[in-house]
Structures are given as structure tokens and as C-alpha cells.
Amino acid sequence: MVSKKNRIVIALGGNALQANPKDTTAESQLVTAKNTAKPIVDLIQEGHEVIIAHGNGPQVGQIVATYEGAAQVNSSFPIMPFPECGAMSQGYIGYHLQQAIREEMLHRGIKKSVAALVTQVVVDKKDPAFENPTKPVGSFFTEEEAQRLVKEKGYAMKEDAGRGYRRVVPSPEPIDVVEAPIVKTLVDAGHVVITVGGGGVPVVDNGNGSLEGVAAVIDKDFASAKIAEILDADYLIILTAVEKVSINFNKPNQKDLSELTIEDVQKYIDEGHFAPGSMLPKVKAAAKFVKSKPGRRTLITSLEKAKEGIEGKTGTVIIS
Ligand SMILES: Nc1ncnc2c1ncn2[C@@H]1O[C@H](COP(=O)(O)OP(=O)(O)O)[C@@H](O)[C@H]1O
Ligand SMILES: NC(=O)OP(=O)(O)O
């Protein structure tokens with residue numbers, strides 16, 4: 001699929017980075033990051049300019065829950081605001097990715113630097129998403145546990161694509177990436193950049209030159225499409241837990257798709273084939289990026305199949 005030298009934004013799923021939902025330890029995530037680094041460094045080795053974005057749904061939820069748990073044990077322990085937890089998740093995941101990518105590049109004799117940049121993304125404080133939480137964060141719960149959390153903590157809980165119940169938080173649309181000029185400077189200079197982690201820390205512009213963090217989680221697929229547009233990227237590659245996008249997902253008549261036009265995407269969205277909070281934002285972000293300029297393409301595939309997907313052997317390609 002990717003032949004000549006290109007500028008490529010790779011979006012890594014937060015769930016995909018915690019490959020085993022039963023093992024959400026940092027040690028396990030670092031192992032996944034090391035495996036993830038391989039197909040990323042393949043692209044770097046081929047001479048492509050690579051920018052990495054990543055999700056943080058499970059991780060930010062776990063950070064929030066850790067602070068809440070600590071405050072229950074010791075009331076002098078502060079509750080950490082959501083945007084600060086988002087920034088921590090960027091540091092946590094960015095650290096793993098930069099360590100893994102650096103090591104893989106060193107191993108292959110590639111002399112490049114990699115840096116994770118704490119990135120703020122501007123959202124509209126009047127975005128209707130604030131009234132309707134949709135973004136799943138944190139661990140998966142049974143229906144019973146979810147009902148208890150609604151009662152005890154006032155969380156909004158929703159079923160997540162047949163995998164169990166998760167807390168949901170508002171997910172406003174990304175408008176602008178505050179640090180985009182710095183990302184561009186670093187990429188132009190040949191460095192590998194990890195940015196818009198967790199969709200970026202959501203901030204609103206107060207109109208007086210100051211930015212203020214807000215309690216939300218931006219969808220990293222939309223943030224990735226946004227930074228890809230700003231950087232004039234050729235490709236957006238969304239790596240998640242499934243090899244291909246499907247229609248009739250999880251049903252006996254499930255059909256995996258290899259290629260989708262933006263018209264197909266709209267048709268299947270209208271028919272309700274993509275679960276909100278999981279596959280729906282991916283296909284929407286894919287179509288948005290492809291539509292933004294002729295020649296742009298998006299690939300959606302799994303971390304494990306990334307290499308084959310990039311070689312055009314599997315995955316779902318979205319074209320105009
Ligand atoms: N139509 C569909 N085709 C493929 N996967 C789907 C579909 N609808 C929902 N899904 C689910 O979406 C998941 C990807 O979303 P999610 O786990 O939120 O991604 P991320 O890797 O970005 O964290 C897949 O693993 C799958 O369980
Ligand atoms: N922020 C975000 O989109 O995270 P996930 O990829 O984990 O859903």
C-alpha cells in the first residue's frame with residue numbers, strides 16, 4: 001500500500017496497547033509497546049516520515065480510578081482533575097513508546113531521535129458532546145458492577161462493543177492542535193514524534209490568551225486525522241485490535257471488508273454497522289482525512305497485522 005516515501009500518521013489504540021484486558025500492568029504494556037515499535041520502525045527504515053498518535057481510554061480511566069481509590073483510603077489525598085490525568089496518560093504511554101521505538105531504531109542502526117510531546121488540543125466549550133458522554137474509559141465491568149458504579153459514583157456506564165460495560169465521558173471534537181507547529185518543526189528536521197496522545201489534553205480557549213483543561217477524552221482517531229491534515233500527511237494508519245473493519249460485526253453473517261470508499265463508509269454508518277465509541281469514530285476519522293485532499297488514504301488494521309497491512313496484504317483501506 002505504502003510505496004514511495006510518505007508522511008504517515010500512525011494512530012495506536014489504547015485498548016490495543018493493553019493487549020490483554022486482564023493484564024493491565026505497565027510491564028505488559030511495555031512488552032506490547034516493544035512489539036508495536038517493530039512495524040513502526042519498518043516504516044522509518046524505509047525512509048517514511050512517521051508521526052505517532054495513541055489512545056489512552058483504558059489508561060486514563062485507570063489513573064482516575066487510582067486517585068479516587070487513594071482518596072477513599074486517605075481523605076487528605078487529592079482527587080486529580082481529568083485533564084491532568086490525561087496529561088499523565090500521555091507521559092506514561094509516550095514514555096513506553098519512545099523507549100520502545102528508540103531501542104528498535106538503535107538495534108537496526110537507525111540514527112534518529114524520538115520524543116513524546118505533551119500535546120494540548122483545543123475543543124469548543126459549547127460542543128454538544130459535553131451533554132452526552134460517549135467515550136469509554138478504564139476497565140471493563142459486568143452489568144451488575146456497572147449498575148453499582150452508577151449508583152455509588154454517579155458514573156455514566158455503557159456497554160462497549162460486546163466486551164462489557166465501561167465508564168463513558170464526553171468526547172468533544174478536536175478543533176486545533178496547540179503544539180502542531182512544534183511537531184512540524186521536529187518532523188521536518190527528521191525526528192520521530194509521538195503526539196496527540198489520548199487525543200491530546202482537551203483545552204478550551206478562554207479568549208484572553210489562556211487555555212483551560214476540561215474533563216473529557218478526545219477521540220484519538222479524530223485527533224490523529226486532525227494532526228495528519230495539519231501536517232499534510234499522505235497516510236493515516238489506524239492500528240487497533242481487529243484485522244479488518246466488518247459489517248454485521250460479531251454476528252453469524254459478519255463480513256470483513258478490504259476496501260471502502262467514503263460513500264461506502266457513509267452507507268454502512270447509516271445502516272448502523274459501526275459501534276459508537278469504538279469502530280464508528282475510526283471510520284468517520286478515516287473518511288474525514290481521505291476527503292480532506294485527493295490522494296490521501298487511510299488503513300485500518302490490527303497491531304499484529306500492521307506490517308502485512310502496510311504491504312497491502314490485509315486490513316481495510318479507505319479511499320476517496
Ligand atoms: N464493525 C466493526 N468492525 C470491526 N470492529 C468493530 C466493529 N464495531 C465495533 N468493533 C470493535 O471496535 C474495536 C476497536 O475499537 P476500540 O477498542 O475502541 O479501539 P482502540 O484500539 O482505538 O482502543 C474492535 O476491537 C471491535 O471489538
Ligand atoms: N483517547 C482515545 O481515543 O483512546 P482509545 O483509543 O483508548 O479509545
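Student: What is the strand order of the open sheet of 8 strands?
Tutor: The order is S3-S9-S2-S1-S12-S16-S17-S15, and the pairing is mixed. Strands (E, at least two residues) and helices (H or I, at least four residues) are DSSP runs, numbered from the N terminus. Two strands pair if DSSP finds at least two bridges between them.

Student: Before I go on, what kind of model is this?
Tutor: This is a predicted model, in which local features need pLDDT of at least 70, side-chain atom pairs count only at pLDDT 80 or more, and totals for chains, interfaces and linings use all residues. Residues are numbered from 1 along each chain as its sequence is written, while chains are lettered from A and ligands numbered from 1 in the order in which they are written.

Student: How many bridges join S16 to S17?
Tutor: There are 3, and S16 runs antiparallel to strand S17 (residues 316-319). Leu 299 has Val 317 in S17 as its bridge partner.

Student: Which strands does helix H4 lie across?
Tutor: Helix H4 (residues 82-107) lies across strand S2 (49-54), S3 and strand S9 (192-194), and runs at about 170 degrees to S3.

Student: What about the sheet of 4 strands; what is its order?
Tutor: That open sheet has the order S8-S4-S10-S11, with mixed pairing. Its edge strands, each pairing on one side only, are strand S8 (176-177) and strand S11 (211-213). Strand S4 (residues 120-122) runs antiparallel to S8, with 2 bridges between them, and Val 121 stands opposite Val 177 in S8.

Student: Changing topic: which residues are closest to ligand 1?
Tutor: Of the 18 residues that surround ligand 1, the closest are Gly 13, Asn 15, Thr 240, Ser 278 and Met 279. A residue is near a molecule or strand if its C-beta atom, placed from the backbone, lies within 6 Å of it.

Student: Which element gives the largest share of that shell around ligand 1?
Tutor: H1 does, with 3 residues. The shell around ligand 1 has 9 nonpolar, 9 polar and no charged residues. Ala, Val, Leu, Ile, Met, Phe, Trp, Tyr, Cys and Pro count as nonpolar, Asp, Glu, Lys and Arg as charged, and the others, Gly among them, as polar.

Student: And how does the shell around ligand 2 divide?
Tutor: It has 1 nonpolar, 8 polar and 2 charged residues. Gly 13, Asn 15, Asp 219 and Lys 220 are among the residues around ligand 2.

Student: Last topic: how is the chain divided into domains?
Tutor: Domain 1 covers 7-124 + 176-318 and domain 2 covers 134-169; such bounds come from an automatic or database domain assignment. Their centres, taken over C-alpha atoms, are 22 Å apart.

Student: How many residues of each domain are in contact?
Tutor: 17 residues of domain 1 are in contact with 13 residues of domain 2, contact being C-beta atoms, placed from the backbone, within 7 Å. On the domain 1 side, 9 residues are nonpolar, 7 polar and 1 charged.

Methods. Contact = placed C-beta atoms within 7 Å. Axes fitted to C-alpha atoms, helices over the stretch in contact; angles between N-to-C directions.
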